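Hi everyone, thanks for coming.

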Amino acid sequence: MSAYQSFKSLSRAMYLGFRRDRSALFFTVLFPLMFLVIFGGIFSGQSTPKVEVLKIGQAPVLEQALAQGGDELGKVLTVTAASDRADALRQVAKGDVAGAVEQRGDRLVVHYSAADQVTAGTVRGLMNSIIQAANQAATGQPPAYTLAIQQVEDDSLKAIQFFTPGLLGWALASAAVFGASQTLVTWRTKGLLRRLQLSPAPIPTVFAARVAVSLAIALVQFALFVLVARLPMFGLQLEGAWWMAIPLLTAGVLAFLSIGMLVGAWAKTQETANAVTQLIVLPMAFLGGSFFPLDQAPGWMQTMSHIFPLRYLNEGMLNVMSRGLGPGSVLPQIGILLGVAVAGSLIAVRLFRWEAH
Amino acid sequence: MAQTIEVTGLRKRYGDVRAVDGVTFAVEEGEFFGILGPNGAGKTTALEIIEGLREADEGQVSVLGMSPWPRNPGLLPRIGVQLQSSSFFERLTAREQLRTFGSLYGVPAGKSDAMLELVGLDGKADVPVEKLSGGQAQRLSIACALVHDPEIVFLDEPTAALDPQARRNLWDVLREISTGGRTVVLTTHYMDEAEILCDRVAIMDAGRILRLGPPAVLVRGLDAPARISVASGVLTAEDARLLPGADETGDDGVSLTISTRDPSAVVAAMAAKDALDGVQIRGATLEDVFLEVTGREYRA
């Protein structure tokens with residue numbers, strides 16, 4: 001009856017118990033994945049807004065610009081021929097299109113709606129640059145100055161780059177806190193802890209098995225999230241040191257297991273443990289930056305987020321997976337999470353009880 | 001014979017309640033020993049101290065020559081324990097439960113099928129524990145306690161909350177496991193169970209052992225009258241009272257009951273009158289012993 005044998009069979013029992021628990025599977029794996037798919041889908045088109053313009057009659061200036069501008073202009077501008085003038089203006093007024101254009105001799109007339117200032121400004125700027133380019137071309141001289149634009153974050157502002165680590169952090173936290181608290185409470189109320197106390201299995205193997213199973217579940221969550229996010233429709237770009245997310249999430253899982261142990265040691269019934277776990281995990285996910293970037297949150301919220309261990313996991317994963325920071329950048333986060341794990345475990349050990357009464 | 005379990009002057013109190021209040025007894029090797037008493041008598045507490053789950057306030061416990069407290073990994077593989085609650089791993093099948101418990105003791109996986117057969121659950125090997133009936137769960141729980149072939153088995157109220165049919169099925173299993181020199185210690189609040197299964201019984205109430213001995217000896221020592229009953233109308237109460245050896249008679253309209261210390265004389269006289277229609281003879285039971293020693297009705 002080696003310790004390893006006990007560890008193996010207890011891990012197996014816990015793993016089977018988890019795999020056959022449909023609601024646990026749903027809430028810790030599928031549910032966060034659904035959020036990823038929904039959020040990834042909603043925000044995926046956001047970064048390249050296209051300007052749609054209706055063309056009334058013939059507009060040679062515009063047609064020429066499109067023919068010469070090629071791909072660059074085609075990316076930001078769509079031009080459709082309007083059936084008649086009144087209808088085109090009505091569509092602009094309704095906000096269905098950004099503007100309507102007609103050419104009267106040498107003048108290009110742009111109709112826009114004041115209701116949407118941003119769109120109006122875009123259309124005006126765009127049309128203005130087309131006219132400038134046409135004027136410049138009419139002189140027969142090559143342009144004296146050219147403009148090149150570059151976005152600082154490259155592609156990293158894409159929503160999926162933020163949502164993958166954030167929602168993964170939420171999934172990891174709920175799986176670990178639930179796993180630990182439910183195991184502890186259920187095993188205690190059912191007398192299984194005492195039954196194990198009466199077997200020759202070394203007691204630390206019980207806890208080691210829980211840690212091992214939770215880590216395995218976390219790695220599966222990580223793999224699933226990354227695989228789904230990397231589907232072409234979402235297009236997650238993993239940065240160089242993304243693999244540092246693995247030691248980081250290990251530290252995170254240990255921290256959340258210790259919180260789960262605390263809840264499980266304290267709570268008397270499964271229902272209480274469930275409710276308390278929700279009360280901890282959901283606010284932590286919101287204020288720890290799982291659902292929206294903390295950079296955009298008000299100052300007080302950013303300050304408050306520092307008390308939530310999930311914040312450090314999210315931040316660290318975002319840094320190495322999406323922002324392309326180096327492997328050493330997550331060491332402070334790993335340190336904080338391990339500190340939480342140690343502190344939580346020490347308190348949990350003091351609260352620990354073998355039996356229900 | 002060797003004393004497998006020796007308990008001397010055991011005491012345990014919870015606040016003001018003396019759960020176990022000076023208990024002394026010994027169990028011999030291969031014995032089927034019962035601790036009988038109503039709920040709250042202190043049976044479970046006493047058993048848990050002997051198993052090593054709790055520390056006694058006072059007194060000595062020796063199991064197979066060793067002290068069970070503090071947790072004694074040398075002793076644990078030699079005892080098997082079935083706790084009052086069915087302590088199973090969630091969502092595992094009957095076979096998986098046995099394998100998991102078995103592997104904690106280094107038992108090969110193949111043993112679990114033999115255990116399932118022993119407790120009559122071979123048809124339920126792949127059924128999750130949540131889907132087993134109360135009786136099946138108890139039998140599985142006993143199989144889990146036996147999977148490593150322990151020398152002593154502790155069973156805490158294995159038949160509580162079972163229907164009569166399931167209880168009788170379980171009795172067969174319990175008889176089976178006590179064969180082959182294994183020592184069985186059982187707590188129960190069922191008198192009939194203790195009487196049928198146990199070699200010796202300790203009657204416990206309010207934390208003390210009131211009587212200790214083989215059930216038949218305890219009952220005989222009571223010198224309680226036997227009760228003979230026949231269907232009402234077979235014999236009048238007047239006639240019954242005049243039978244040789246009859247002490248008291250009563251007729252509740254359904255049965256005529258005669259209490260006597262000389263049942264053979266009474267039955268012979270009734271036979272002579274051809275008045276044995278629906279006859280039943282009931283001797284004293286452990287219940288009467290309990291009533292005698294505590295002065296109160298037995299309420300389980």
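Before the tour, one term: I call a residue buried when its relative accessible area is under 20%, exposed when that is over 50%, and partly exposed in between, using a 1.4 Å probe and counting protein chains only. Please keep in mind that this is a predicted model, where local features need pLDDT of at least 70, side-chain atom pairs count only at pLDDT 80 or more, and totals for chains, interfaces and linings use all residues. Residues are numbered from 1 along each chain as its sequence is written, chains are lettered from A and ligands numbered from 1 in the order in which they are written, and side-chain values use heavy atoms, with hydrogens and water left out.

Let's begin with chain B. Its C-alpha trace spans about 70 × 45 × 35 Å along the principal axes. Of the 300 residues in chain B, 50% are buried. Chain B holds 10 helices and 13 strands; these are DSSP runs numbered from the N terminus, with helices being H or I of at least four residues and strands being E of at least two.

What does UniProt list for residues 5–231 of chain B? The unreviewed entry gives "domain: ABC transporter"; positions are in the numbering used here, feature names are shortened, and annotations may be inferred rather than shown by experiment. That span is 30% helix and 29% strand, and its end C-alpha atoms lie 49 Å apart.

Now to a sheet in chain B. It is an open sheet of 4 strands, in the order β11-β12-β10-β13, with antiparallel pairing; two strands pair if DSSP finds at least two bridges between them. At the edges stand β11 (246–251) and β13 (280–282) of chain B, each with a single partner strand, so one side of each has no neighbour in the sheet. On average, neighbouring strands here are turned by 20 degrees against each other, direction ignored. For that angle, axes are lines fitted to C-alpha atoms, for helices over the stretch in contact, and angles run from 0 to 180 degrees between N-to-C directions.

Inside this sheet, strand β10 (residues 226–231) and strand β12 (residues 255–260) of chain B pair in the antiparallel sense over 6 bridges. B:Ala231, for instance, has B:Ser255 in β12(B) as its bridge partner. On strand β13 of chain B you'll find B:Arg282, which counts as partly exposed at 44% relative accessibility. B:Arg282 is 168 residues from B:Ala114 in sequence, and the two are 40 Å apart in space, C-alpha to C-alpha.

On to charges. Side chains of opposite charge can pair when their charged atoms come close. How many salt bridges does the structure hold over all chains? There are 28, where a salt bridge is a side-chain nitrogen of Lys or Arg within 4 Å of a carboxyl oxygen of Asp or Glu.

One of them joins the side chains of A:Arg20 and B:Glu96, at 2.7 Å, N to O. This pair crosses between chains, from the loop between α1 (3–19) and α2 (22–43) of chain A to helix α2 (residues 94–104) of chain B. A:Arg20 is partly exposed at 29%, whereas B:Glu96 is buried at 15%.

Within chain B, B:Asp57 and B:Lys12 form a salt bridge, with their closest N and O atoms 3.9 Å apart. The pair links distant parts of the chain, 45 residues apart: B:Asp57 is in the loop between α1 (43–51) and β4 (58–63), and B:Lys12 is in strand β1 (residues 3–14). Buried or partly exposed, which is B:Lys12? B:Lys12 counts as buried, at 13% relative accessibility, while B:Asp57 is partly exposed at 42%.

B:Glu151 and B:Arg78 also form a salt bridge, with the closest N and O atoms 2.7 Å apart. B:Glu151 lies in the loop between α4 (134–146) and β6 (152–156) and B:Arg78 in the loop between β4 and β5 (79–82) of chain B, so the pair ties together parts 73 residues apart in sequence. There is a network too: salt bridges that share partners join B:Arg11, B:Arg18, B:Asp21, B:Glu58 and B:Arg208.

Last stop, chain A. The unreviewed UniProt entry lists "transmembrane region" for several spans of chain A, among them 24–43 and 207–229. Residues 24–43 of chain A are 100% helix, with end C-alpha atoms 28 Å apart. Residues 207–229 of chain A are also 100% helix, and their ends lie 33 Å apart.

Thanks, everyone, and I'm glad to take questions.
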